[in-house]
Amino acid sequence: MPEVIKIEGGHRLNGEVTISGSKNATVALIPAAVLANGPVTIVGVPEIADVRNLAEILKILNVQVDQPHADHLIIDPTHMQNVDLLDDAVTKLRASYYFMGALLGKYHHVRMKMPGGCYLGPRPIDLHLKGFEALGATVKYEKGCFEIDADELVGDKIFLDISSVGATINIMMAAVYAKGRTTIENAAREPEIIDVATLLNKMGAHIRGAGTNVITIDGVTSLSGCFHEIIPDRIEAGTYIIIAAAMAEKMKINNVIPHHLEALLLKLEEMGVDMDVTVDSITVRHSDHLKGTDITTRPYPGFATDLQQPLTSLMTQAEGDSHVEETIYVERFKHCEQLCRMGANIDVHQGEAVIHGPTPLYGTKVAATDLRCGAAMVVAGLLAEGTTTISNIYHIDRGYDHIDDKLNAMGAKVWREKVADDEED
Ligand SMILES: CC(=O)N[C@H]1[C@@H](OP(=O)(O)OP(=O)(O)OC[C@H]2O[C@@H](n3ccc(=O)[nH]c3=O)[C@H](O)[C@@H]2O)O[C@H](CO)[C@@H](O)[C@@H]1O
Ligand SMILES: C=C(OP(=O)(O)O)C(=O)O
């Protein structure tokens, strides 16, 4: 039976929350680990559905997975077999596409289903495939299934038309064993890319420039096991900072790299949010008056598209009009319709939303149409008068580690209820 999350709104939050390891790093680190010839230990692994589905895929590949603690994974690909990935687990998340780069790099052959993930409008993977082709692979797509083969992989210069996070990481993985030098130009610069390059380099790869827009990968012939600690999740951190700005008396958010959140922090400052920032924590205090602001989503270090949805909920409480321009996924506005059901006043037109604030929010039935829409509904539910019921919470569970426990520990009233299948939508 599916579950809904219920939130009794209006309770002020006090206390501390610790941020888990980054989802978008973890979901790439796990496939990257299979490139090794020995066990890779990853710590700081978030307890989220995306990780559980990736572990399923590892089992299909006969990779041994041990979990000595909730946030530790030991991935041992010593007895791995390169079988076709046609299981439903592949379609339950976006990042299963990283097995394309990893298996192509290791075995020169991969056959797998189309990856899933949040629908945010069309999400093509043409740049990943062009990158593989530049290295010498041929790509076939038939009946929802990719088959990618190469006699050998040889480094080349690859220019990405769009600085795609997924394409940058996938090409990096395919290139670690390629002959000679691969150069990725107009590479994405997200912190998660540095984390994956760090893991691969610890394994013995030779990757330089991760975090800049030119990455070079000099192929190697062998990679070994290693130990790696995942960076904190900047999107989970940003979500809790927004929650704190909405509802906290005083909330300390621990295990944060504030530099990764610069764009959000500057915008919150503009809105009048009272924050103290240290090297690894952010404390937010209650502010009586929030002002509207404008954001435009951009690749890192610009304002993260994954944070525009939760920030929209806070904007409903700010004085005056706020503008959200979405340049990465122009259709990423489904949360606005849900917020309007709760009393928000938002106009959406051609990749832009105008939030007319402030408006009180009222608890009602809403849907998490995608992961960060779910986060937006949680922010709104905490703010609202009455009880909010959020359906389709499997999206939230793809990316937020124990969100209900973390919030309840600070005084929120959040719980899960099982519902009949027909109450889910
Ligand atoms: C698992 C993961 O890390 N997910 C993140 C990753 O998704 P993902 O890696 O899928 O996002 P990309 O950076 O690739 O997408 C950026 C833009 O490029 C377009 N594009 C991408 C690839 C391609 O081959 N062709 C193409 O046209 C996309 O449609 C989108 O408009 O970055 C997004 C943008 O920061 C985040 O919202 C996601 O949370
Ligand atoms: C869009 C997201 O995830 P994914 O790319 O995994 O669908 C997200 O994390 O907001």
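Predicted model: local features only at pLDDT ≥ 70, side-chain atom pairs only at ≥ 80, totals over all residues.
View A. Residues are numbered from 1 along each chain as its sequence is written, while chains are lettered from A and ligands numbered from 1 in the order in which they are written. Strands (E, at least two residues) and helices (H or I, at least four) are DSSP runs, numbered from the N terminus. Two strands pair if DSSP finds at least two bridges between them. Asparagine 14 stands opposite lysine 250 in β14. Strand β16 (residues 281-285) pairs with β14 in the antiparallel sense, over 5 bridges.

**View B. The open sheet β6-β8-β7.** This sheet has 3 strands with antiparallel pairing. Strands β6 and β7 stand at the edges with a single partner strand each, so one side of each is left without a neighbour in the sheet. From one strand to the next, the twist averages 10 degrees. Helix α3 (residues 98-107) packs on the sheet and touches β6 and β8. The direction of α3 makes about 155 degrees with that of β6. Axes are lines fitted to C-alpha atoms, for helices over the stretch in contact, and angles run from 0 to 180 degrees between N-to-C directions. Contact means C-beta atoms, placed from the backbone, within 7 Å.

**View C. Strand β8 and its two partners.** Strand β6 (residues 109-113) pairs with β8 in the antiparallel sense over 5 bridges. Valine 110 of that pairing stands opposite isoleucine 148. Strand β7 (residues 138-142) also pairs with β8 in the antiparallel sense, over 5 bridges. Here lysine 140 stands opposite glutamate 147. The hairpin of β7 and β8 has 2 residues between the strands, and lysine 143 takes a positive phi near 50 degrees. In a regular strand the side chains alternate between the two faces of the sheet. In β8 (residues 145-149), Phe146 and Ile148 form the covered face, and Cys145, Glu147 and Asp149 the uncovered one.

**View D. The shell around ligand 1.** Ligand 1 is surrounded by 20 residues (C-beta atom, placed from the backbone, within 6 Å). The closest are Asn24, Leu127, Ser164, Val165 and Gly166. Four helices each supply at least two residues of the shell: α1 (23-33), α4 (126-134), α5 (165-175) and α9 (305-315). By class, the shell has 11 nonpolar, 5 polar and 4 charged residues. Ala, Val, Leu, Ile, Met, Phe, Trp, Tyr, Cys and Pro count as nonpolar, Asp, Glu, Lys and Arg as charged, and the others, Gly among them, as polar.

**View E. The shell around ligand 2.** Leu93, Arg94, Ala95, Gly117, Cys118, Asp306, Leu371, Arg372 and Gly399 are the residues around ligand 2. They divide into 4 nonpolar, 2 polar and 3 charged.

**View F. Helix α10 under cover.** In α10 (residues 334-341), Lys334, His335, Cys336, Gln338 and Leu339 are buried. Buried means 20 or more other C-beta atoms within 10 Å of the residue's own, with C-beta atoms placed from the backbone. The cover over these residues includes α9, β19 (346-349), β20 (352-357), β21 (365-367) and α11 (371-383). Just after α10, glycine 343 takes a positive phi of about 115 degrees.

Definitions and conventions. Buried ≥ 20, exposed ≤ 12 C-beta atoms within 10 Å, placed from the backbone. Contact = placed C-beta atoms within 7 Å.
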